[in-house]
Amino acid sequence: MADHWDTEERGLTLADANRDIMRPIMVSSWRYWTLLAFVFALVVWGCIAWAWQIDQGLGVAGYSHPVMWAVYITSFVFWVGIAHSGTLISAILYLFRSGWRTTINRASEAMTIFAVMTAGLFPLIHLGRTWYFYWLIPYPSERFIWPNFKSPLVWDVFAVGTYFTISLLFWYTGMIPDLAAIRDRLRGWKSKVYGLFSVGWQGTVREWSHYRRAYLYMAAIATPLVLSVHSVVSWDFAMGIVPGWHSTIFAPYFVAGAIFSGMAMVITILVPMRWAFGLEDYITDYHLDNMSKLILLTSLIVAYSYAAEYFITYYSADPTEQASLFFRAHGSFQGPFWVMTFCNVIVPATLWFKKVRRSASAAFVVSIFVNIGMFYERYVIIVSSLAHEYEPYSWGFYRPSWVEISIIVGSFAWFFFWFLLFTKALPTISIAEVKEHLAHQGAHEHG
Amino acid sequence: MRKATYTTVGSVAAVLLAVAAAWPILHGSSAAAREVPGVPGAARARRATADTGTAGAAGAAAARAAKTSGTPTPASPGWYPQPIGAPIQGHDSLSAAQVAIQLAESATQGPAQPIPFNHHFHTTNLKMSCEYCHTNSRHSEVAIMPPLATCIGCHRIVGTGLAPIDTLRAYWQRQEPVPWVRVYKIAEFVQFKHEPHLRNDLQCQTCHGPVQDMDRVYEFQSDTIPIQSLTMGWCLRCHRQKPQPTDVATEYKLVRQAAIPANPGGTEKPGLYPMAISEQYAAHRAPLDCTTCHY
Amino acid sequence: MSESSDTQAPRPEEEPSTGTSRRTFLKILGLSGAGATAAACRPAPPHIDQKLIPYLVQPEGITPGTNTLYASLLAEAGPEPLGIHAWVRDGRVLNLEGNPDFPLNADSMSALGLSTLQDLYDPDRIPGPRQKRGGDFQEAAWKDGIQALGKAVKDGDVVLLTGTGTGTRDRFAAEWAKAVGARHVRYDTFDYAALRRAHEIAFGRAEIPTYAVDQADRIVTFGADFLATWLEPVTLGRRFAHARDIEKGRHARFTFVGPRLSLTGSNADDWLPARPGTSGPVALAVAHVVAQKKGGSRGLELQGALATYTPEWAADRTGVAADKIQKLGEEIAAAERPVALPPGPESQGADATDACLAVALLNYAAGAIGTTVQFGVGPRRGQGATLAEMKTLIADMKNGKVRTLIVAGPNPAFTLPASAGFAEALGQVPTVVSLNSHMDETTAAAGWILPGSHELESWGDAEVLPGAWALGQPVMQPVFDTRQREDILMQAADAAGIKADFGAQDFAGYLENAWQEKHRASGSSQRFDEWWFDTKRQGGRWEAAPGKAASVGLSRTVTSHSFSGGANAPARGKFDLVVYPGSYLYDGRGANRGWMQEIPDPITKCVWGSWVEMHPDTARPLGLENGDEVEVTSESGKVRAPVYLYPGIRKDAVGIQIGQGHTHYGRNAAGRGVSPLDLLPDTVDGATGSLAYAGVAVQLTATGRKAPLAKLQGSDLDYGREVSEIMGVEEARKAIGEHQVDLTELVEAAWDSDPMSPYRWGMTVDLNACTGCGACVAGCYAENNLAVVGEERCAGGREMSWIRIERYFEATADGGFQTTHLAEMCQQCGDAPCEPVCPVYAAYHNPEGLNVQVYNRCVGTRYCSNNCPYKQRRFNWFSYDFPYPLNLQLNPDVTVRDKGVMEKCTFCVQRIDRAKVQAKEKGRLVQDGDFQTACQAACPTRAITFGNLKDPTSRVSRIAKGARSYHVLEELNTRPAVTYLRDVTHAELAQET
Amino acid sequence: MADAANVSGVLAHYESIDGTRRAIETLREAGFDDLEVFSPVMCPELEEALGIYSSPVRRWALIGGITGFTTANLLTIGTSLAYPLIGQGKPIISWPPFIVIMFELTILYTGLFAMFSWMVHAHRPKLKLSPAYRAVFSVDRWGIFVPVDARDRDRALEKVRETEAVEVEA
């Protein structure tokens with residue numbers, strides 16, 4: 001087993017890279033289209049559920065009086081979290097010059113974009129009067145009334161908006177040389193379309209020089225951005241006085257959690273992808289190994305945060321806080337709590353073993369667990385805290401309704417729908433960067 | 001060398017962008033104007049010419065005249081509350097030609113009523129005051145439509161043989177109220193009260209326009225307020241004109257000071273403010289508070 | 001003109017709508033408050049939205065768009081007559097407030113009283129005359145109905161069944177019956193025959209004395225739920241609060257004797273859990289002790305008679321420890337002005353008279369007669385037929401002695417125990433004509449329905465105190481095509497061709513004649529019309545009310561009276577059944593009023609249903625939890641309902657509330673819950689023949705099913721979280737004694753309200769005065785257009801009430817508990833967590849210190865609710881509708897909220913706004929007494945005070961700085977504008993850990 | 001070759017970065033400074049060889065940052081003053097929450113400026129490609145195009161032949 005990306009052994013050439021990575025775009029199978037159709041059907045079902053909810057009012061969801069936020073906000077946080085690994089891999093690892101990002105950054109960036117697109121839906125779905133969502137956006141009106149910039153929800157609008165824009169630009173910029181390559185490979189109208197998006201890239205050294213800088217700076221700003229976004233999201237809760245939310249540990253805790261879940265989702269997506277498109281030469285066990293290590297690390301941070309939360313509460317001797325966290329582990333929401341602990345703390349511990357890290361299937365299974373665990377984490381934080389607040393009179397319970405479940409399913413479908421389109425239309429691995437890697441290797445041989 | 005150019009270009013760009021972003025905030029009106037389809041004044045002149053052949057020419061002329069002559073400017077807004085005794089805006093100040101325009105267009109604007117009641121005739125010719133019929137306006141939140149008895153009071157004798165009057169009498173004989181068609185409709189979530197406005201010496205015309213020169217009442221759209229009438233911004237245009245006790249910055253300072261109960265016994269203590277200020281407050285501060293209209 | 005306008009044509013000063021038809025002035029809505037009838041952001045119905053319908057002739061004294069107050073009377077609302085001021089706008093009654101001149105409830109109301117609004121605007125009222133053809137009711141014309149009734153009257157054997165009354169309506173009924181040769185039967189669900197009889201035996205006065213609880217320094221009730229359903233709850237509640245006004249240094253210790261802690265019991269300091277139907281023996285034993293200890297002439301009189309009834313004698317019969325009885329007796333003997341109240345219906349057994357007599361003797365021995373128990377000055381109350389008398393009627397009905405039964409008011413088919421067989425008997429009567437306004441069980445069995453008007457649409461009066469008369473005038477045109485009951489009877493008499501001279505064309509005239517006599521009697525110098533006008537203005541005449549109580553002596557026969565030992569203990573495995581009238585449903589008449597169904601029961605905090613109360617220690621061994629369905633079986637019947645665990649009931653007893661289990665009566669009532677009356681045998685009190693509610697043994701079997709039980713309170717304990725606070729009476733006295741009110745700093749921090757503002761609206765709630773009756777909640781429902789959402793949604797925690805009364809149990813040292821009732825509304829925090837989190841400024845702090853909620857700006861993120869530690873914000877999960885005519889009651893000053901919008905209490909900001917406009921007209925600031933919030937206006941015990949915290953002279957600013965004051969969840973530093981005053985108890989509290 | 005006709009210069013193909021770099025050096029020594037070099041991958045070496053050391057993109061990024069920051073300031077403060085409403089006693093202009101907005105907008109504008117500035121300086125977007133461009137340059141070949149007129153053509157050719165060009169079009 002190589003502890004690096006053994007391209008020589010595999011005897012990859014620049015031309016191979018072009019050919020292999022473009023294969024999905026060039027050839028297509030009926031399997032792909034059936035899968036796409038199925039996913040699309042689920043999206044439609046989700047939309048129907050949402051339409052019903054808008055028509056009837058939010059009552060068709062399972063909310064109760066104390067629990068005013070539930071699975072919608074859970075999913076929002078979950079998807080924003082997923083979105084993080086993409087930019088992390090592409091930006092931070094780029095700055096750290098970690099070569100192994102090369103083959104996974106494109107897919108994970110794509111995942112980021114689609115995850116944000118999914119996350120962005122949920123605040124709208126969750127609004128009581130969705131049709132007035134634009135009141136959260138600063139626009140001049142005859143009323144002289146503007147959004148309240150002191151509200152964390154408005155911070156969200158800006159944070160998520162910025163994050164989406166920057167990720168999109170970053171992703172697109174990285175893709176331009178590849179688009180050019182595809183343009184040159186194709187003929188006819190397709191070539192024209194790709195040509196359009198490749199902004200007439202012809203890879204002169206002058207182009208490369210400006211491009212390189214721009215890419216570098218975007219990486220540089222995306223790095224603080226990626227850390228800020230989930231901090232802002234976490235402040236939606238930390239700024240509240242709800243026992244179980246009001247904690248300073250939230251920002252780092254959430255960021256770690258985000259990377260944790262994000263990496264897991266990358267594996268969840270890459271393993272089937274590399275199998276389906278035969279990209280074993282590019283996404284090797286060595287890459288999986290590295291990703292698994294990151295998951296292991298973040299899992300430890302998350303585990304620490306859980307412990308810290310309980311310790312702080314114990315140490316603060318605040319009865320309501322203590323009651324809330326006791327309720328979390330032993331109250332009506334203990335099920336989700338223990339699922340969360342199992343999936344996020346116990347299961348990832350298996351990654352201590354190299355065997356597990358190196359086996360695609362094992363890593364895949366672990367990643368699935370982590371995804372589930374992280375969804376439950378947000379669910380537990382949001383719902384159980386709200387259900388057990390200050391006033392004993394209004395302690396309550398929550399159970400999601402069919403509408404909520406349909407919409408959640410629909411949202412997952414929506415995410416995969418876009419990702420499937422991506423795998424079909426765009427290079428799932430950055431050709432240019434792979435070739436850069438190969439070329440320089442070549443150079444070393446010569447020199 | 002090139003460095004210099006970049007920096008200059010950049011800073012210029014920065015300032016431009018920033019100002020662009022801030023523009024709507026600093027000039028709410030310009031933004032607001034965008035929300036109004038067309039400029040009412042212009043539209044009005046056009047209609048006048050279009051609809052009434054000869055009066056149209058006069059109308060256009062008058063419109064031009066109006067531009068030059070007494071059209072109030074935002075600096076000294078004509079629609080701003082006037083002291084008692086001042087001539088009702090538009091009543092004496094409007095030229096005959098302007099009145100002509102008014103009448104011409106009012107004949108076509110606004111909904112048809114079950115009885116073609118003529119405000120122009122009753123107020124301008126008969127010099128009747130608005131409150132003669134809309135008696136409630138000073139005592140209640142609603143100005144009320146006059147009870148049929150009020151009309152009959154005169155028209156038992158006056159105006160026999162006129163078709164509209166006969167319709168009116170018919171209603172009275174049937175002991176059936178006249179189903180007037182609503183012209184002004186404020187949103188249900190706005191709690192509007194007539195009485196405070198009249199008590200603060202607003203003229204009816206301030207909001208309802210030159211009703212005295214309307215054959216048929218229509219929803220008035222002021223030229224000087226480039227905002228759809230009966231919208232929040234339209235109200236705010238007056239309410240924001242009201243003298244405020246302090247500008248926001250100092251108000252905010254006051255809040256902070258008062259937060260610390262400095263010099264005990266002094267009047268700076270929270271809650272214990274000289275009533276004088278409070279009275280002034282009571283008189284002026286309220287109109288910008290959301291709860292003035294929304295609850 | 002609609003049918004309704006040919007009812008009695010009223011005068012301007014009574015009726016805002018002269019000459020216009022009902023439909024017309026409904027349209028006047030369009031003029032004033034379309035706002036109310038249409039939800040935010042939703043277009044109103046066109047006829048309201050697009051048209052402006054003026055009056056034909058504007059009546060003098062009416063200003064459209066402003067409220068006009070009319071004094072009137074509610075005689076059938078609940079247990080007591082209530083003097084009211086009706087708020088009428090544009091011809092619609094919007095709200096009710098107490099009439100301050102009225103000698104009983106004065107300026108306060110009861111929840112039941114307020115909810116008559118929903119009775120008036122009930123969509124299920126019978127809209128016009130109906131005739132039963134082929135099993136169901138068909139529309140019919142008035143004249144046919146009158147003809148039919150006239151014919152029936154002519155045929156004879158007529159029984160006129162009315163409620164009891166003390167006024168002209170009752171007199172008329174009697175006179176009419178005499179004129180047409182009919183039999184007149186008066187019937188009320190709860191007759192007080194035993195009480196009357198007992199006092200006849202004891203003092204030779206067959207009357208209900210008035211209990212001057214306010215004078216007392218030691219109170220004990222042997223079961224009477226006098227704060228909710230017994231005699232005059234509002235009045236007695238006021239007196240009770242007065243007797244326990246700790247700020248004035250008074251705090252009469254209060255003991256409750258009975259199997260189940262009712263609302264009254266929950267306010268008691270001590271509880272002697274006597275078995276159902278055995279409070280008599282307890283009273284005897286206590287009297288025994290008092291007679292021993294107190295001695296004196298009265299004591300000696302009784303010692304002999306009571307010699308055998310020792311505490312030990314009572315102990316084994318009643319399940320109350322002898323030493324407790326002894327202690328109670330000694331305390332009463334030691335007290336200066338003690339008062340003992342008799343058993344109420346729930347504890348009245350087959351020996352009801354004996355029990356009442358025992359209490360009477362106790363009062364006598366304790367020297368209460370003449371001081372705290374007064375004769376000849378009390379509220380008058382008509383005497384209705386007892387069960388025994390009803391049974392004779394039923395018998396007559398069965399064997400065809402009754403050819404026509406005219407029901408005008410009561411609903412015996414529901415309120416009599418099923419075993420009495422009234423329902424079957426109804427079937428035997430050839431002609432049943434109902435004049436009731438609702439499709440109740442009795443009416444449903446009628447052949448003709450000639451719907452009588454609601455009392456707010458009718459004339460009436462009542463002699464509330466001897467010689468003091470209250471007048472009830474119609475405050476609006478009938479909502480439906482109904483007529484004054486008496487008019488129907490009159491017209492029927494005419495139709496029958498009976499030449500009866502009532503001295504007037506209609507009842508209005510008849511009543512005016514009656515008042516003309518009073519005018520003569522009063523010897524007033526005024527001309528009658530002036531006098532009559534003033535009477536209508538003030539709602540009656542009270543000058544003639546007697547000042548001092550009649551003096552009474554003990555009758556000789558008492559000493560030889562032999563008392564029963566009370567009901568027997570139930571056999572093993574059986575339970576005593578406690579049947580009690582509902583605080584909100586009373587005898588079932590509240591069951592179709594959405595408010596009464598949706599305001600949680602003051603004790604169980606359950607809504608929209610029935611439940612079987614059991615002690616946890618009894619239920620748990622049987623494996624029963626809240627919501628487990630059980631079948632309760634007695635010899636006379638069986639019912640199924642979910643179990644409710646309540647530590648305030650005896651371990652060997654189960655409790656079921658009267659009021660649910662209707663088969664008819666409308667959408668909210670029909671088919672909901674069960675009626676315990678189905679379990680009662682028709683046993684009666686030997687001495688009087690009135691129904692014995694207590695002393696029934698029942699069997700319990702779990703069905704193994706879960707039954708819906710919508711309990712709104714999450715936890716019964718507040719875990720010492722500074723939510724509800726209670727303190728010992730000595731501690732309180734000490735604190736109040738030492739306390740100095742410091743007004744130098746009226747509001748904690750400037751941004752509580754704008755420093756430039758003269759106002760910071762604030763409220764205080766005195767938990768010691770608050771009895772938990774829930775009148776404030778009903779008041780809020782009436783004022784603020786709160787939606788009624790129904791059982792399922794309540795169960796999902798989606799009720800819309802802006803005030804809730806939190807009922808917490810505080811442990812006491814002796815292992816028992818004290819109940820605190822905490823009326824909680826939005827706290828209007830100065831440092832409100834809900835405000836900054838709103839992304840669109842829908843929630844913000846207004847310059848006068850209110851946490852404003854701008855409904856039309858709200859987008860529904862619900863963050864504010866999450867961030868509200870008091871959980872006082874309510875979200876519109878759906879668009880709730882107000883089916884016609886309920887929408888006529890909507891307050892035009894308050895926006896009706898649409899789906900997706902957050903709403904909450906804003907201290908009745910609409911009233912604040914009006915008050916400010918009026919004050920500005922006067923050129924001054926708003927002062928105390930300019931207006932009241934709806935909850936404050938309703939509160940019987942004046943527990944709520946509202947005003948301007950920045951005004952050093954306002955009551956609220958002083959009370960808020962009082963010794964007992966605290967803020968709920970103070971440690972969060974939200975600086976609420978609502979200050980609570982700690983509850984005070986004589987019981988020794990356990991140390992909170 | 002056929003398409004060499006419309007190329008007024010010499011185009012050489014290479015198969016490795018080093019080869020290309022050495023070729024560039026040779027050509028520049030020979031005084032051919034205005035070279036157009038095509039590369040399938042990003043390689044800083046060639047930039048050095050061509051003497052490109054800096055790019056104005058970084059200044060644009062900075063300017064963008066400044067713009068975003070200013071905008072955020074004006075937006076938050078301006079709107080708060082436009083209709084001052086107090087919540088939880090927080091000052092009308094309270095910095096801590098506004099800083100979040102400022103941060104986000106700064107990042108946003110920096111990104112946008114960086115993106116568009118590189119395009120502007122690389123004279124992109126363009127639909128028409130340079131006549132010297134060959135599809136292989138996006139696969140695995142490097143290309144150097146020496147734009148020369150007929151006079152220098154031979155000299156250029158001969159210089160190019162000295163390099164490791166695998167294919168020469170002239």
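This is a predicted model: local features need pLDDT of at least 70, side-chain atom pairs count only at pLDDT 80 or more; totals for chains, interfaces and linings use all residues.
A residue is called buried here when its relative accessible area is under 20%.

**Helix α8 of chain A**

Helix α8(A), which covers residues 205–238, has 34 residues and reaches 49 Å from its first C-alpha to its last, close to the 50 Å expected at 1.5 Å a residue. Because 26 of these 34 residues are buried, α8(A) is largely enclosed by the rest of the structure. Ser228(A) lies in this helix, and with a relative accessible area of 12% Ser228(A) is buried. Once its neighbours within four places in sequence are left aside, Ser228(A) is in contact with Phe103(D) and Glu104(D).

**Nonpolar cores**

The largest nonpolar core has 353 residues, and those that touch the most other members are Trp69(A), Tyr72(A), Val93(C), Leu96(C), Leu405(C), Phe907(C) and Trp118(D). With residues up to four places away in sequence not counted, the contacts of Trp69(A) include Tyr63(A), His126(A), Leu153(A), Phe237(A) and Trp245(A), together with Thr861(C), Arg862(C), Tyr863(C) and Asn866(C) of chain C. A second, separate core holds 81 residues, among them Val359(C), Phe563(C), Tyr580(C) and Leu709(C).

**Strand β7 of chain C and its partners**

Strand β7(C), residues 158–162, is mostly covered, since five of its five residues are buried. The covering applies to both faces, with Val158(C), Leu160(C) and Thr162(C) buried on one side and Val159(C) and Leu161(C) buried on the other. Strand β7(C) runs parallel to β15(C), residues 404–408, and five bridges join the two; within this pairing Val158(C) stands opposite Thr404(C). Strand β7(C) also pairs in the parallel sense with β8(C), residues 183–186, over four bridges, and there the bridge partner of Val159(C) is Arg183(C).

**An antiparallel sheet in chain C**

Elsewhere in chain C, three strands form an open sheet in the order β18-β19-β20, with antiparallel pairing. Its edge strands, each pairing on one side only, are β18(C), residues 460–465, and β20(C), residues 540–541. Strand β19(C), residues 468–472, pairs with β20(C) in the antiparallel sense over two bridges, and in that pairing the bridge partner of Trp469(C) is Arg541(C). Helix α20(C), residues 507–522, packs on the sheet and touches β18(C), β19(C) and β20(C), while its direction makes about 155° with that of β19(C).

**Helix α5 of chain D**

Helix α5(D), residues 150–162, has 13 residues and reaches 19 Å from its first C-alpha to its last, close to the 18 Å expected at 1.5 Å a residue. The buried residues of α5(D) are Ala156(D), Leu157(D) and Val160(D). An α-helix has 3.6 residues a turn, so residues three or four places apart point the same way. The buried residues of α5(D) pack against β1 (10–14), α1 (17–29), β3 (142–146) and β4 (167–169) of chain D.

**Backbone details**

| Peptide bond | Omega | Loop holding the proline |
|---|---|---|
| Tyr884(C) to Pro885(C), cis | near 0° | between β35 (874–875) and β36 (902–903) of chain C |
| Arg124(D) to Pro125(D), cis | about 0° | between α4 (95–121) and β3 of chain D |

Positive phi values also occur in residues other than glycine. Asn785(C), in the loop between α25 (775–783) and α26 (791–795) of chain C, has phi near 55°, and at 3% relative accessibility Asn785(C) counts as buried. Arg862(C), in the loop between β34 (851–853) and α27 (863–866) of chain C, has a phi of about 65° and is buried, with a relative accessible area of 1%. Arg862(C) is also one of the residues touched by Trp69(A).

**Cysteines**

Over all chains the count of disulfides comes to zero, where a pair of cysteine sulfur atoms would have to lie within 2.5 Å to qualify. The sulfur of Cys133(B) has its closest cysteine sulfur in Cys151(B), at 6.6 Å, which is too far for a bond. Cys154(B) is likewise in no disulfide, and its nearest cysteine sulfur, that of Cys133(B), is 8.0 Å away. At 35% relative accessibility, Cys154(B) counts as partly exposed.

Definitions and conventions
Residues are numbered from 1 along each chain as its sequence is written. Chains are lettered from A and ligands numbered from 1 in the order in which they are written. Side-chain values use heavy atoms; hydrogens and water are left out. The expected span of a helix is 1.5 Å times one less than its number of residues. Buried means under 20% relative accessible area, exposed over 50%, partly exposed in between (1.4 Å probe, protein chains only). Two strands pair if DSSP finds at least two bridges between them. Contact means heavy atoms within 4.5 Å. Axes are lines fitted to C-alpha atoms, for helices over the stretch in contact, and angles run from 0 to 180 degrees between N-to-C directions. A nonpolar core is a set of buried Ala, Val, Leu, Ile, Met, Phe, Trp, Tyr and Cys residues joined through side-chain atoms within 4.5 Å.
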